[in-house]
Amino acid sequence: MEYTKQIEDMTCIAKGADHGPAPIPEEGKWVKASQISDISGLTHGVGRCAPQQGACKLTLNVKDGIIQEALVEVIGCSGMTHSAAMAAEILPGKTILEALNTDLVCDAINTAMRELFLQIAYGRSQTAFSENGLPVGASLEDLGKGMRSQVGTTFGTLSKGPRYMDLTEGYITKLALDEDDQIIGYEYVNLGRMMDSVKKGTDANEAMKNATGRYGRFDEAARYADPREE
């Protein structure tokens, strides 16, 4: 290591205060993190790409500084889905510092990783006060039984009004309208439940029927509308 002449000529003075880093909450413990292996926790981060065309929600479960699981959810750009596929393969096994400095293919995923790194390094994880944290695989619980992201897709224009296309319950097939043509309910197909049924050998039409549900005052509608055609 090189020193300037000014430093070399300085009188040496003993360093007194050395209390180390402030402790942060990690999986029910207070930890003085001084290296990457001191970091553990499950948390989420959200990022967007530079043109703000799409976004990513990233969930990581970190144990002793190593990423054990990664849930990558993206929306808004067709290329992002392929980037997410690669990121899910890239992230597990890396330290959070390696992941921060790895090209995760998509700008939004990279940004989400940065935001998530800040949270977990400062002890702002979801499992900060949960003893032993959460087991590997816990992030999938966010997807529910259908193992699909919680997505809401709606659209509206001043001239034609709103359209519900995809909500938490599933793919919207019909909108229920009252006498004033206001939405009072909808019919949906839970695609996760439908595909699970099809995989078990159920006829597709029967599986779709069994996975169809209704929300709101659907049966009281004056008329019904297809959100994609009318």
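This is a short tour of the structure, one selection at a time.

**Start with the whole chain.** You are looking at a predicted model. Colour the chain by pLDDT: the mean is 93, and 100% of the residues reach 70 or more. Among the elements, strand β9 (residues 183-189) has the highest mean pLDDT, 97, while helix α5 (residues 191-199) has the lowest, 91.

**Next, select the sheet.** Show β3, β4 and β5, which form an open sheet of 3 strands in that order, with antiparallel pairing. At its edges are β3 (41-48) and β5, each of which pairs on one side only. Look along the sheet and you can follow a twist that averages 15 degrees from one strand to the next.

Now zoom in on β4 and β5. These antiparallel strands are joined by 9 bridges. To see a pair of bridge partners, pick Val-62, then find Ile-67 in β5.

Bring in α2, which lies across β4 and β5 and runs at about 175 degrees to β5. Then show α4: this helix packs on the sheet and touches β3, β4 and β5. The direction of α4 makes about 140 degrees with that of β3.

**Stay with α2 for a while.** Select residues 78-90 to get the 13 residues of this helix. From first C-alpha to last, α2 reaches 19 Å, close to the 18 Å expected at 1.5 Å a residue.

Which residues of α2 are buried? Highlight Met-80, Ser-83, Ala-84 and Ala-87. Turn the view so that you look down the axis of α2: the buried residues fall within an arc of 110 degrees, so they line one face of the helix. In general, an α-helix has 3.6 residues a turn, so residues three or four places apart point the same way.

What covers those buried residues of α2? The cover includes β4 (55-63), β5 (66-75) and α4 (107-121). On the face of α2 turned away from its buried side, look for the exposed residues Ser-78, His-82 and Glu-89.

**Last stop: Glu-27.** Select the loop between β1 (24-26) and β2 (29-31), where Glu-27 is found. Is Glu-27 buried or exposed? Glu-27 has a relative accessible area of 8%, so this residue is buried. Show its surroundings and you will find contacts including Ser-40, Val-62, Lys-63, Thr-127 and Asn-132. Gly-41 is also touched by Glu-27; the two are 14 residues apart in sequence and 6.2 Å apart in space, C-alpha to C-alpha.

Notes
Residues are numbered from 1 along each chain as its sequence is written. This is a predicted model: local features need pLDDT of at least 70, side-chain atom pairs count only at pLDDT 80 or more; totals for chains, interfaces and linings use all residues. Side-chain values use heavy atoms; hydrogens and water are left out. Helices (H or I, at least four residues) and strands (E, at least two) are DSSP runs, numbered from the N terminus. The expected span of a helix is 1.5 Å times one less than its number of residues. Buried means under 20% relative accessible area, exposed over 50%, partly exposed in between (1.4 Å probe, protein chains only). The arc is that of the directions from the helix axis to the C-beta atoms. Contact means heavy atoms within 4.5 Å. pLDDT is the predictor's confidence in each residue, from 0 to 100. Two strands pair if DSSP finds at least two bridges between them. Axes are lines fitted to C-alpha atoms, for helices over the stretch in contact, and angles run from 0 to 180 degrees between N-to-C directions.
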